Amino acid sequence: MSLPRASSATRGSEETQGARGERGALVNMELLGLPNIGNTCFLNAILQCLLVLPSFLKKILHQEQLWSSSPFSNLLRCLSDVYRSSLPDSGANQASKADLMWKVKYSLSGYDLKYLGDTQQDAHELLVNMLCQLKEEGMILKTLGVSYTCPVSQLEFQLVSVRTCTSCGRESSTREDYNHLSLDFSPERTLQSSLALTFKGEKVEFKCEGCKGLHATKVELFHTLPLVLVLHLKRFGGPGGLEKLEAPLLFPSELRLSTLCGDMVPHLHSASPQALTNLAPSIQGSIPQTLTSQVSSPAGEAKDSTLCCSDSNDQEPEKVLLTASVKQQPVKSVNGYYQLTGVVSHLGGSANSGHYISDILHASGNWFCCNDSQVSMSNEATVLRTRARSAYMLFYMFRAREREAPAHRA
């Protein structure tokens, strides 16, 4: 089957099936695709959304001299190779990319043997396992004395849970580390209302240390913000978790979290927010080999659903907040927002059947629909309209500058 081609107004040569983006960069749409080597659409969809994240990719590529010397950096090496195979001058083809995908599967099997098989797997669970495996590879580097910053730090944040005694008003709080959020569907069927539902206050049983009261109100807030916010939509449930909720859930292209944060929110970024606007690595030219100075980011792992892994060298959460290298500032004064960069969709009626695809915002400025090896051009409006019923995972990237408001006409 031939690949879908871009319109004549945007595509490059017929030989490369290319498209030029708003930055003038040539994108080879054929090389952007990932071959399905046997029910691996779940893997392809997650890889496309991860490798289009400029900050995540930058952490891998700019530290290659650190992790490449370790024989245990299998997944890091695979991610780097898969990204390079998508570059216009890579010389790759679908056959060579298939070999790379087998290496990715073999690397993942070191964490979970089920990835050696050819059965369909859950995309959310895959992402959880990939992030844990990347953390483990980083831990090995630390034991070798390497000053290395794990790319998973780009996805990490903290939630603070505040309990207030209903009898005396005494407050107590705890913090937990996460690298994604799992959301229930709200009755309003919008992402904003689903987030609000997740952070809605509730009454809980709680023994107060002051008055010995037995009840409290509990509310959760973002205590720190991630550079990349990953949201998992709970579409599967019922007996065995196989029934699929196909109701639409509307999600925006831009997302702001200020109403879900406390008064003071330190960012878990490895650079100041003002330096985060143009992090996209160029798709043309060679990959930088010299290392820029790195600022270590606090580490952490999500503790929701199935994800619960830790780094023995990580600092305690409370200590992390005291030693974070990025200056704390009121979140409402931060001039930024989260921009949608990737959507993983599940097409099908149940968890044990169907097909995964992804829509990604490429560094060229173009939206692409990635269906395994087939890649076609899309646009933001189409993604928002057509994926409301199938979106399973959403990837949002922090942008340091807000878009200028259009000038009002007299």
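Figure 1. The chain exposes about 18700 Å² of accessible area, of which carbon and sulfur atoms supply 51%, and the coordinates shown here belong to a predicted model. Ten helices and 18 strands are found in the chain, and of its 410 residues 51% count as buried. When contacts between residues at least 6 apart in sequence are considered, 72% of them join residues at least 24 apart.

**Figure 2. Close-up of the largest nonpolar core.** This core has 90 residues, and the members that touch the most other members are L191, L195, F222, L231, L257, L394 and Y396. Helix 2, which spans residues 41–51, gives the most to this core, with nine residues.

**Figure 3. Close-up of helix 5 and the helices around its buried residues.** Helix 5 covers residues 74–84, and within this helix L75, L76, C78, L79, S80, V82 and Y83 are buried. The buried residues of helix 5 pack against helix 2, helix 3 (54–61) and helix 4 (64–67), and also against helix 6 and helix 7 (123–143).

**Figure 4. Close-up of a nonpolar patch on the surface.** The patch is formed by Y106, L113 and L116, which together have about 390 Å² of accessible area. Y106 lies in helix 6, a helix that runs over residues 94–109, and this tyrosine counts as exposed because its relative accessibility is 61%, where the cut-off for exposed is over 50%.

How values were computed:
Residues numbered from 1 in each chain as written. Predicted model: local features only at pLDDT ≥ 70, side-chain atom pairs only at ≥ 80, totals over all residues. Heavy atoms only, no water. Patch = residues over 30% accessible without salt bridge, like charges linked within 9 Å, V, L, I, M, F, W, Y side chains within 5 Å. Areas by Shrake-Rupley, 256 points an atom, 1.4 Å probe, with all protein chains shown as cover. Salt bridge = Lys/Arg side-chain N within 4 Å of Asp/Glu carboxyl O. Helix = DSSP H or I, 4+ residues; strand = E, 2+ residues; numbered from the N terminus. Buried < 20%, exposed > 50% of the residue type's maximum accessible area, 1.4 Å probe, protein only. Core = buried A, V, L, I, M, F, W, Y, C linked by side-chain atoms within 4.5 Å. Contact = heavy atoms within 4.5 Å.
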